[in-house]
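Trainee: Could you take me through the terms used for this structure, setting each value against its cut-off before drawing a conclusion?

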Amino acid sequence: MAMSWGTRGTSSWHVRCCSTSMVFVTETQQAKTDADQPEDAPSTGRRWLAQPGDLTALGIWFFWHVATYVYMVLAAPGRTEAPLLDRLTPWDAENFITIAQYGYDGAPGMTDAPKLVAFFPGLPLLLRNLNWLVPNYDLLIVLVSVVGSAVVAVFLSRLSESYKKGTGTWTVLAFFLSPFAVFMWAGYSEAPFLALAIPAWLLARQGRWEWAAVCAAFASSIRITGLFLALGLAVMFLVSEKGLRADWRKLFWLAVPGLPVLAYMIFLKIRVGDWMAWNAAQAQYWGRYPVSPQEVLVNTWNRSLEEPVLATSYREEILAALVLVVLIVWQLVRRRWAEFAYLAPQAVALLAMSSFYMSVGRASLLWWPLYIGVGIAAARNRWAFMAYVAVAAPVMAINVGNFTTGAWVG
C-alpha cells in the first residue's frame, strides 16, 4: 500500500513555513518601538534581510558553498568519476527520493523496501510536490538542502543575536566550519529540518508561540528530533517571561508539533500493523536498539579497530558523543533549561538507543546551542575562535572530500 501524498496546498504550507515566519517576525516587531523591545531582541525592519547580520550570514553561506564546491572538484581525481549530483545524493538521499517517487512500497523489485518506514515523510512529501518544478530528483533534493541552509544561516545569525549582541556572524561561521557541515550540501534531512527548527526556536524566544508551534510541527514531519524540539519549546514556555506567565492559553499550541508524528504513527499502524514500525526498521537495518551506554562506547571503539576503512569515522562519532555530553552539562551549569530539554533526549537516542554510535557527528549540526556558545566565546576572545577553526575546519574539509568521493562520514 503506497502512502497517499495529499495536496499541493499542504506542500505550499511546508515550503513557505520559514518565509512566513520571517515576514511575521519582521512586520510585527517593526510595529513596536525600540523601547518596547528587550535588550537581547534583534533589530528588525519591514523587509527580508533587514537585520544587520543577514547579508553577512548569506555571504558566509554563499562562499562556503563555493569553497566546498572547489574542494569537491579537486578531491575527485583518482578517487571517483561519479557525477557531482551522484556524489551529493548517496545512501539516505536515495531512500528519500525512492519514497518521493514510489511511496513506502519502494521501487518495483526493491528487496529491502521495509526499511523505508524508518524515514519520516516530511522531506519526501516536499520533494514529491516540488517535482513539477525540478523534474530531476537528485538536483531537487540538493537544492532543498542548499536553500534550506541559506535559511539556516540567516535565522541562526538572528537567534545568536537574541542571546548576545554581536555574535551572529561568529556563530554562523562556527556552524559552516563545523566538521559535518557537508550535510548542508548533501541531499539529507538536516538542512530542511534546521530551516524550520531554528526559526521555531527564535519565534518562541520572541513569544510568538503559535508560529513557533507551526514551524516545529513541520520540523517534526521531517525528523523525530522535532519531538525533542517540541519538548524544548514546552520547557521554554514554562520558564519564559513571554510564556506561561504572559498567556497560559497559548500552552495548547505546544501540542501541535506532535500531530505530524501521531499522523505518521497512525499511518504505520494501518499499513504494517505497528505504531512504531519506523523504530523497528531502525533496529533491523541499522542496529539501533537499546544497550547500555558503556556497551555502545565499547562497540564503537571495537568497530574502529576492526573496520580500518571506517576507523576515522567511528572515532569522530566518539568525539561527537563526548561533545554532546559536555554541552548538556554546560546547559545545566548555566541553567538553560529549554536548551537542556532539547539536547538531553538526543543524548538518550544517540548514545543509549543504538548498539554503536551512528550519525552522532551528523546530528551535531542540530545542536545550535553549541555554535551559539562558540559564537559568544569568539566575540569575547578571538583566540578562542581561532582555536576552534584550527580543529574544526580541517576536519570539515576532509569530511567534504571523503563524503563526496564515496566514503562514509557522520
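This is a predicted model: local features need pLDDT of at least 70, side-chain atom pairs count only at pLDDT 80 or more; totals for chains, interfaces and linings use all residues.

Trainee: What makes H9 and H10 roughly antiparallel to each other?

Mentor: The axes of helix H9 (residues 209-220) and helix H10 (residues 225-239) cross at roughly 160 degrees, coming within 8 Å. Angles over 145 degrees count as roughly antiparallel, and H9 and H10 are therefore described in that way.

Trainee: Which residues of H9 and H10 make the contact?

Mentor: From H9 come Trp209, Ala212, Ala216, Ala219 and Ser220, while H10 supplies Gly226, Leu227, Leu229, Leu233, Met236 and Phe237. Sorted by class, the contact of H9 with H10 has nine nonpolar and two polar residues, with no charged ones.

Trainee: Why is H8 called roughly parallel to H10?

Mentor: The axes of helix H8 (residues 190-205) and H10 cross at roughly 5 degrees and come within 10 Å. Since angles under 35 degrees count as roughly parallel, that crossing makes H8 roughly parallel to H10. On the H8 side the contact is made by Phe193, Ala197, Ala200, Trp201, Ala204 and Arg205, and on the H10 side by Thr225, Gly226, Leu229, Gly232, Leu233 and Met236. By class, the contact of H8 with H10 has eight nonpolar, three polar and one charged residues.

Trainee: How do you know whether glutamine 282 counts as buried or exposed?

Mentor: Buried means under 20% relative accessible area, and glutamine 282, at 13% relative accessibility, therefore counts as buried. Glutamine 282 is found in helix H12 (residues 277-286), and, leaving aside neighbours within four places in sequence, glutamine 282 is in contact with Ala118, Gly287 and Arg288.

Trainee: What does the UniProt record list as "transmembrane region", and what is the helix content over residues 318-333 and over residues 340-359?

Mentor: The unreviewed UniProt entry lists residues 55-76, 137-156, 168-188, 211-239, 251-270, 318-333, 340-359 and 388-409 under that name. In the model, residues 318-333 are 100% helix and 0% strand, with the end C-alpha atoms 23 Å apart. Over residues 340-359 the chain is 60% helix and 0% strand, and there the end C-alpha atoms are 20 Å apart.

Definitions and conventions:
Residues are numbered from 1 along each chain as its sequence is written. Side-chain values use heavy atoms; hydrogens and water are left out. Axes are lines fitted to C-alpha atoms, for helices over the stretch in contact, and angles run from 0 to 180 degrees between N-to-C directions. Helices (H or I, at least four residues) and strands (E, at least two) are DSSP runs, numbered from the N terminus. Angles under 35 degrees count as roughly parallel, over 145 as roughly antiparallel, 65 to 115 as roughly perpendicular and the rest as oblique. Contact means heavy atoms within 4.5 Å. Ala, Val, Leu, Ile, Met, Phe, Trp, Tyr, Cys and Pro count as nonpolar, Asp, Glu, Lys and Arg as charged, and the others, Gly among them, as polar. UniProt positions are given in the numbering used here, feature names are shortened, and annotations may be inferred rather than shown by experiment. Buried means under 20% relative accessible area, exposed over 50%, partly exposed in between (1.4 Å probe, protein chains only).
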